[in-house]
Amino acid sequence: MKAMVLLAKDQPLVFEEVDRPIPEAGEVLINVKAAALNHRDVWILKGLYAGIKYPIILGSDGSGISEDGRRVVINPSINWGVDPRVQGKSYHILGLPADGTFAEFVKVPSESVFDMPAHLNFTEGAAFPLAGLTAYRALFSKGEATAGQRVLVTGVGGGVALMAMQFAVAAGCEVWVTSGSEEKIERAKAMGARGGINYRSSDWAKKLLELSGGFDVIIDSAVGDGFADLVNILTLPAGRVVFYGATTLGNIQGVKPAVVFWKQISIIGSTMGNPKEFADMLTFVEKHGIKPVVDEVFALKDVNAAMRKMDEGKQFGKLVLSI
Ligand SMILES: NC(=O)c1ccc[n+]([C@@H]2O[C@H](COP(=O)([O-])OP(=O)(O)OC[C@H]3O[C@@H](n4cnc5c(N)ncnc54)[C@H](OP(=O)(O)O)[C@@H]3O)[C@@H](O)[C@H]2O)c1
């Protein structure tokens, strides 16, 4: 089968003919029709991820056809374990250490395969799994966002962030966004966000607080220098700031402890999600007829151009590979 293989750090992925995977007991083979990129793939390419091995077929997101002919999506959260709160020791994410979806076929545990929501095509189906699961857990399970609450999603151009915004809008929250791009803010507003501000502008947090009146829930994946500002604009009672990434590679600094304990603020980390959350996310997506925003579709062999686009942050929504 054809696959895009990573052979070494910082090298372009190579289009290769490799053996079709042979499923073991409890596994199934999926004929991949579309795969999507996540920032994780870029971190692995750059050597900035734990447990990297070569050669590896990257790709955590995929949609396709199962051996029994169903249209399916793959839950990339493999072997979650028995505790719904936290993943167990044998947990891993599809696409490292196990070969992923940037290939014509992938083998996965049978419990990782879910019927694709009927209103989605393969491109849209591939765009959902990792970002949708991460957004769903961060927003609802950890952030406890409910209708009428005011939610801020930072860096809305990101794959997870944009999905969090769509989910929050669908749930009836009042949603605000930040972005490094005015155009992305306007696009978010066209999709239901109440307003937004450029995180590169001076005094952005102060201005955002004035415009919005403060937040119940903030969903972030940038961390770094702006994080203390996020805590400061969490002014509604018992606010929650949930972060699932650290894109700026900065540490959390400058948060005033008294602000956190006096305002009953929760600073919460979140990663991926458990199988029930994945199923619940698909049900939510189907119920609200949500379609992911697909920024661009590339051919499998053009994955390196897609990786560059993600690294440069030029996308709005998901970058998908057609296979
Ligand atoms: N823990 C988990 O389970 C999990 C799951 C998925 C992702 N992640 C991590 O979460 C991060 C985002 O992943 P992704 O796949 O959604 O990546 P992505 O699509 O590449 O999005 C990254 C976004 O970060 C935003 N950003 C950059 N600098 C920022 C800043 N200073 N303040 C606010 N936003 C900023 C940009 O938004 P604009 O374009 O709007 O400026 C950019 O689009 C990555 O670090 C990834 O590794 C973790």
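Biologist: Leaving aside its neighbours within four places in sequence, what is Thr-123 in contact with?
Modeller: In this predicted model, Thr-123 is in contact with Ala-34, Val-294, Val-297, Val-320 and Ser-322.

Biologist: Which helix is Thr-123 in?
Modeller: Thr-123 sits in α2, which covers residues 122-127.

Biologist: And why does Thr-123 count as partly exposed?
Modeller: Thr-123 has 19 other C-beta atoms within 10 Å, and a residue needs 20 or more to be called buried.

Biologist: How far is Thr-123 from Asn-198, C-alpha to C-alpha?
Modeller: They're separated by 30 Å, and 75 residues apart along the chain.

Biologist: OK, switching to the ligand. Which residues come nearest to the ligand?
Modeller: Gly-155, Gly-157, Gly-158, Ser-179 and Gly-245, out of 33 residues around the ligand.

Biologist: What's the make-up of that shell by class?
Modeller: There are 19 polar residues, twelve nonpolar ones and two charged ones in the shell around the ligand.

Biologist: Which elements each supply at least two residues of the shell?
Modeller: Helices α1 (39-45), α3 (129-142) and α4 (159-170) do, and so does strand β12 (174-179).

Biologist: And which domains does the shell draw on?
Modeller: Domain 1 (2-128 + 292-322) and domain 2 (133-269) each give at least three residues to the shell around the ligand.

Biologist: Now the core. How many residues are in the largest nonpolar core, and which have the most contacts inside it?
Modeller: That core has 94 residues, and Val-153, Ala-164, Met-165 and Ala-168 have the most contacts inside it. Helix α4 contributes the largest share, nine residues.

Biologist: Where does this core lie relative to the two domains?
Modeller: Domain 1 (2-128 + 292-322) and domain 2 (133-269) both give residues to this core, so it lies between them.

Biologist: Back to Ala-164. What does it touch, not counting residues up to four places away in sequence?
Modeller: Ala-164 touches Ala-135, Ala-138, Leu-139, Val-153 and Ile-219.

Biologist: Last topic, α10. Which of its residues are buried?
Modeller: Within α10 (residues 303-311), Val-303, Ala-306, Met-307 and Met-310 are buried.

Biologist: Why do you say those buried residues line one face of the helix?
Modeller: Looking down the axis of α10, its buried residues fall within an arc of 100°, so they line one face. In general, an α-helix has 3.6 residues a turn, so residues three or four places apart point the same way.

Definitions and conventions
Residues numbered from 1 in each chain as written. Predicted model: local features only at pLDDT ≥ 70, side-chain atom pairs only at ≥ 80, totals over all residues. Near = placed C-beta within 6 Å. Helix = DSSP H or I, 4+ residues; strand = E, 2+ residues; numbered from the N terminus. Nonpolar A, V, L, I, M, F, W, Y, C, P; charged D, E, K, R; others polar. Domains from an automatic or database assignment. Core = buried A, V, L, I, M, F, W, Y, C linked by C-beta atoms within 7 Å. Buried ≥ 20, exposed ≤ 12 C-beta atoms within 10 Å, placed from the backbone. Contact = placed C-beta atoms within 7 Å. Arc of directions from axis to C-beta.
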